[in-house]
Amino acid sequence: MKNIIIPILGLILSLSISSCSNTSSSEENNDNHDHTEMADHNSEGNSETLSSTSQLVDNYLKIKNALVSADREAAASAGEKLAKAATDFDLSSFPEIEQQNGKEILEVIKENAEHIAKSEIEHQIEHFESMDNDFIDLLKISDYDKNLYQQYCPMYNDKKGGTWLSDSEEIKNPLFKSKMLSCGSIKQTIAGQ
Amino acid sequence: MKPQTKITISLLILGLVGIQFIPTKRNRKSVVNDQDFSSVYQVPKNITKLLSSSCYNCHSNQTNYPWYANIQPVGWLLQYHIDKGKKELNFSTFGQLSSRMKNLKIKSMKSQIEDSKMPISSYLYLHPEADLSESEKGELIAYLDSLSAQNAIKD
């Protein structure tokens, strides 16, 4: 019994003392964390191996294939690689006037990839589905030599529809955890250059 | 009681009392700045109310602390959750995000609310008033949808 009473007394004591502390406040400044991180990477120069568009696309397609076979772990590991490739990307490869746009695209790809790296499969799919338009915008300002196909399944998200990119014309739907694999059609072809 | 037990308990109490004196930072800026979500968009009053009661405590620089936040280590635990929450989404600095990132965050907010993942259940346990009813969820989702549509036109 004593063993219980003493800690309780201690708590009460600490309660009464705490009421007069904590008047100080400090302001936080963790805004734009990612911005500075990215800028740092860029200014490190080209000594480190910087990643390229094809690495980004390759890892995107790996996530897609993992989701087609409902493999959460494989999607997560490809997500991690995609996040890293987005962080290490050679921003100087973008045309001068597209630098800011390119940086913003990469930030969003990175954010999605980080969530894919750490989430359950339902959430992975949501972030994966969100990324294809960012990739299409990326490919407008960046070189990639193969054809990609944006594919569309009208059943996704309560029939609001969902899209993704594939390197093959064949439909293998990544949005339904290995079900409804054939739901989809090609919406547009992004020609390699 | 054995002398050893007495010493252990005394040290424990001393420790508990001691940590109350460690200064803790407070997530509370006095003014709402022009980068706040409510400054970036024209947010209707009912939505502002829902956001501030269900989201802003962990996702902004304006936390309303409960009394027990003054007791350590409870206060530290709260701070850890607030830091984590703000890293994902900070309404107070929403205006600093690119429009592409704003769209992604709005989309994520919507799906988190739809799937009832946010407000997080461990938070609701202590703050039942932050729970969103089905109709409140509907209001928020409709509003977030309208923002997505608005942003799509701008792009």
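Modeller: What follows is a short tour by question and answer, and please keep in mind that this is a predicted model.

Colleague: Let's start with chain A, then; how many helices and strands are there in it?
Modeller: Chain A holds 7 helices and 3 strands, and read from the N terminus its elements come in the order α-α-α-α-α-α-β-α-β-β.

Colleague: And what share of its residues count as buried?
Modeller: Chain A has 193 residues, and 43% of them count as buried.

Colleague: What about helix packing there, say helix α4 and helix α6 of chain A: at what angle do their axes cross?
Modeller: Two packed helices are described by the angle between their axes together with the distance between those axes. For helix α4 (residues 72–87) and helix α6 (residues 121–140) of chain A, the axes cross at roughly 40° and come within 11 Å. Because of that angle, α4(A) is oblique to α6(A).

Colleague: Which hand does the crossing of α4(A) and α6(A) have, left or right?
Modeller: The crossing in which α4(A) passes α6(A) is left-handed.

Colleague: Where do Ala70(A) and Ser178(A) lie?
Modeller: Ala70(A) is in the loop between α3 (53–68) and α4 of chain A, while Ser178(A) is in the loop between β2 (162–166) and β3 (185–190) of chain A. With a relative accessible area of 32%, Ala70(A) is partly exposed, and Ser178(A), at 33%, counts as partly exposed too.

Colleague: On to chain B, then: what kind of peptide bond joins Gln72(B) to Pro73(B)?
Modeller: That bond is cis, with omega near 5°, and Pro73(B) sits in the loop between α4 (56–59) and α5 (74–88) of chain B. Met118(B) and Pro119(B) are likewise joined by a cis peptide bond, with omega about -5°, and Pro119(B) belongs to the loop between α6 (99–114) and α7 (121–126) of chain B.

Colleague: Last one: which residues form the nonpolar patch on the surface of chain B?
Modeller: The patch is formed by Ile7(B), Leu11(B) and Leu14(B), which together have about 340 Å² of accessible area.

Colleague: Take Leu11(B): why does it count as exposed?
Modeller: Leu11(B), which is part of helix α1 (residues 3–19) of chain B, counts as exposed because its relative accessibility is 54%, and exposed means over 50%.

How values were computed:
Residues numbered from 1 in each chain as written. Chains lettered and ligands numbered in written order. Predicted model: local features only at pLDDT ≥ 70, side-chain atom pairs only at ≥ 80, totals over all residues. Heavy atoms only, no water. Patch = residues over 30% accessible without salt bridge, like charges linked within 9 Å, V, L, I, M, F, W, Y side chains within 5 Å. Areas by Shrake-Rupley, 256 points an atom, 1.4 Å probe, with all protein chains shown as cover. Salt bridge = Lys/Arg side-chain N within 4 Å of Asp/Glu carboxyl O. Helix = DSSP H or I, 4+ residues; strand = E, 2+ residues; numbered from the N terminus. Buried < 20%, exposed > 50% of the residue type's maximum accessible area, 1.4 Å probe, protein only. Axes fitted to C-alpha atoms, helices over the stretch in contact; angles between N-to-C directions. Parallel < 35°, antiparallel > 145°, perpendicular 65-115°, else oblique. Left-handed = near helix turned anticlockwise from the far one by under 90°.
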